[in-house]
Amino acid sequence: NGCTDKHYAWCKFWANATLSRLPEFDCRDMTMVVWAFATIHWKSEEFLYRFCEQVMVRIEKYTPQDLGNTLWALATLGFRHEG
């Protein structure tokens with residue numbers, strides 16, 4: 001992954017914090033989190049799988065921009081959800 005070891009713990013902390021509060025996030029919040037991780041090239045299969053599960057539940061509420069940004073982030077991270 002492109003994230004340094006020094007930053008890995010920080011990224012993991014934020015991913016866990018996000019997952020514990022994901023039901024409270026709106027679509028834009030979710031998009032911004034996955035976009036931020038993609039921008040720094042940090043990838044966690046567990047985080048992305050659980051994230052995508054929530055996206056699938058809320059997909060009808062996503063704006064075209066949020067959907068595009070989310071797809072960009074997932075593609076940048078090389079993640080493919082088989083759900």
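**View 1. Ser44 in the loop between helices α2 and α3.** In this predicted model, Ser44 belongs to the loop that joins α2 (27-39) to α3 (45-58); helices are DSSP runs of H or I with at least four residues, numbered from the N terminus. Ser44 is buried, at a relative accessible area of 10%; buried means under 20%, exposed over 50% and partly exposed in between (1.4 Å probe, protein chains only). A polar atom of the Ser44 side chain lies 3.2 Å from the backbone nitrogen of Phe47.

**View 2. Aromatic pairs.** The whole structure holds seven aromatic pairs. The rings of Phe13 and Trp14 are edge-to-face, because their centres are 5.3 Å apart and their planes meet at 85 degrees. Rings of Phe, Tyr and Trp (its six-membered ring) pair if their centres lie within 6.5 Å; planes under 30 degrees apart count as stacked, over 60 as edge-to-face and the rest as tilted. The pair of Phe37 and Trp42 is tilted, with 4.8 Å between centres and 50 degrees between planes. Both Phe37 and Trp42 are buried. Ring pairs join Tyr8, Phe37, Trp42, Phe47 and Phe51 in a cluster.

**View 3. Val33 and its contacts.** Val33 is part of helix α2 and is buried, with 17% relative accessibility. Leaving aside residues up to four places away in sequence, Val33 touches Thr18, Phe25 and Phe47; contact means heavy atoms within 4.5 Å.

**Notes.** Residues are numbered from 1 along each chain as its sequence is written, and side-chain values use heavy atoms, without hydrogens and water. In this predicted model, local features need pLDDT of at least 70 and side-chain atom pairs count only at pLDDT 80 or more, whereas totals for chains, interfaces and linings use all residues.

Note on methods. Helices (H or I, at least four residues) and strands (E, at least two) are DSSP runs, numbered from the N terminus. A polar contact is a pair of N or O atoms within 3.5 Å; within protein, one must be able to donate a hydrogen and the other to accept it, and residues adjacent in sequence count only if both atoms are side-chain atoms.
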